[in-house]
Amino acid sequence: MVNEERVKLMTRMAAYEEGDHKKNKNIVCFFRSDYISLQLMKAFIANSIAFGILFGLYILYDFEIFMKEIYQMDLFGFIKGVLIIYVIYISLLSVITYIVSLYRYNVALQSTKLYYVNLKKLLRIYGESEEE
Amino acid sequence: MTGLLELRENLKRFYTKNEIYLNPLIKFLAALLSLIIINQAMGYMGMLKSFAIVMVLSLMCSFLPGNFIVVISALYIVLHSYALALECAVVVMAVMLIMFLIYFRFSPKDTMVVLLTPLFFILKIPFVMPVALGLVAGPASIISLSCGTVIYYIIKFMTDNLGIFSSADAETGSQKFRVMMDGVLDNKTMLITVIIFAFTLIAVYMIRRTSVDHSWTMAIFTGISVSVVLLLICEFLFELQLSVVGTVIGGVFSLLLCLVIQFFEFNVDYTRTELVQFEDDEYYYYVKAVPKNMVTAQEKKVKRINRKPRNGAVKPSRKQAVPRASVAGGQNPGVRQERPLEKRVNPKVIKTANGVARTTENRE
């Protein structure tokens with residue numbers, strides 16, 4: 001005979017397995033700090049490349065003027081200014097990455113915990129039905 | 001309406017049944033359509049317009065993940081821009097790379113929005129995107145929508161200034177680059193469109209989340225009318241060089257498309273709305289339950305009349321049906337043996353002297 005509770009549980013779990021299970025499994029296989037560090041590192045590389053592109057576009061926009069003025073300008077001051085902007089930019093995006101990663105890790109952990117709780121419940125139901 | 005609902009159910013069932021074949025087909029068609037539209041809108045590199053290349057790439061996209069369509073389309077746009085002018089290609093590629101590196105690393109699912117937005121712009125029905133995203137997604141989609149809008153306006157800027165970019169004068173290289181950058185950064189129309197679309201998306205999202213009756217329909221009508229009216233107001237204020245008639249017609253078509261989306265995504269029967277109220281230890285609950293419009297799709301049943309007999313044996317009719325005979329004893333298994341039926345006689349109802357009815361059943 002069909003066990004209604006068991007079918008409900010199995011359906012819910014199957015839906016989860018089809019959906020976010022794989023993604024969440026890849027997240028929770030790390031410790032929280034490791035996962036967030038990895039994401040921050042990836043973000044640092046990607047955002048640095050993006051900053052490089054933006055800086056390149058800025059230089060190319062007035063390239064002729066820049067090349068003319070490069071010998072008269074305070075080069076250290078210019079580099080210092082660029083570095084300050086870079087640090088602010090990287091810090092801002094790193095904070096965003098940290099918040100998003102933390103949120104994602106917590107959601108993945110909760111979903112995975114719920115999945116295993118359901119799995120245990122399912123095993124218990126199977127055990128009960130076999131005893132009967 | 002019932003016919004439409006039945007059609008919807010049939011479509012859903014058909015999709016579920018043939019998902020494994022339909023998904024690659026949909027991807028193939030999406031890739032083919034997007035590449036053809038890009039070729040039509042830009043088409044500066046003759047080689048990319050080759051039907052064979054388009055077909056091969058579309059076939060590749062059909063078996064690869066959905067985001068591959070976006071990558072191929074982005075590559076197509078960059079290569080067409082390169083054929084026009086190197087400066088254009090540099091700017092387009094830089095903008096795309098920045099988008100992918102900063103935002104789409106977080107939400108790879110949203111990349112399709114970046115592809116669809118310029119396509120709907122080219123098809124003159126751009127209002128579909130903010131309204132549809134407000135209905136089925138959330139406020140976070142504003143970023144993807146804005147990125148798509150920026151890409152469209154970059155393409156439009158290039159096509160509008162073909163004369164500047166197609167000149168072969170080598171000295172104008174840095175000027176071309178500056179013109180292109182100005183076209184991206186100082187594009188008033190683009191900026192206003194991005195703001196209006198963001199506003200529309202939020203308005204649609206907030207209205208459809210409310211529990212009032214017909215919230216989705218209200219959200220669609222509000223979204224389309226707000227975006228069309230705001231764009232027209234901005235047209236008069238800032239001279240955005242938009243076609244008034246084109247904008248209105250685009251709005252009407254977008255409205256129809258959004259109603260189709262609503263039909264498939266959110267089809268409920270407000271006449272059967274139930275308002276229930278209950279409580280537990282901590283809360284009072286006021287629940288509004290709106291049933292979905294559901295129609296059970298009719299299944300086609302094939303009724304066989306005069307079924308072809310096997311081994312020449314005549315199949316008895318239902319009334320003359322007999323229990324299957326034993327095939328033991330070396331009898332031919334293909335031929336059914338008839339067993340004599342017990343003859344039944346209808347029971348008789350006898351009234352006794354004291355008025356109690358009694359039945360008898362005689363067997364011969």
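Of the 57 residues of α5(A), how many are buried, and does the helix lie in the open or under cover? In this predicted model, the number buried is four, so α5(A) lies largely in the open. Those four are A:Thr97, A:Ser101, A:Tyr105 and A:Ala108. Their cover includes two other helices of chain A, α2 (21–28) and α3 (32–61).

Helix α5 of chain A runs over residues 75–131, and at 1.5 Å a residue it should span 84 Å. Its end C-alpha atoms sit 82 Å apart, which agrees with that expectation.

Now to the place where the chains meet. Chain A puts twelve residues into the contact and chain B puts in eleven. On the chain B side, the elements that give two or more residues are α5 (86–102) and α10 (173–185) of chain B. Of these, α5(B) supplies the largest share, with five residues.

Strand β1 (residues 274–279) of chain B pairs with β2(B) in the antiparallel sense, over six bridges. A hairpin of four residues links β1(B) to β2(B). Within this pairing, B:Tyr285 in β2(B) is the bridge partner of B:Phe278.

Conventions
Residues numbered from 1 in each chain as written. Chains lettered and ligands numbered in written order. Predicted model: local features only at pLDDT ≥ 70, side-chain atom pairs only at ≥ 80, totals over all residues. Contact = placed C-beta atoms within 7 Å. Expected span 1.5 Å × (residues − 1). Buried ≥ 20, exposed ≤ 12 C-beta atoms within 10 Å, placed from the backbone. Pairing = 2+ DSSP bridges.
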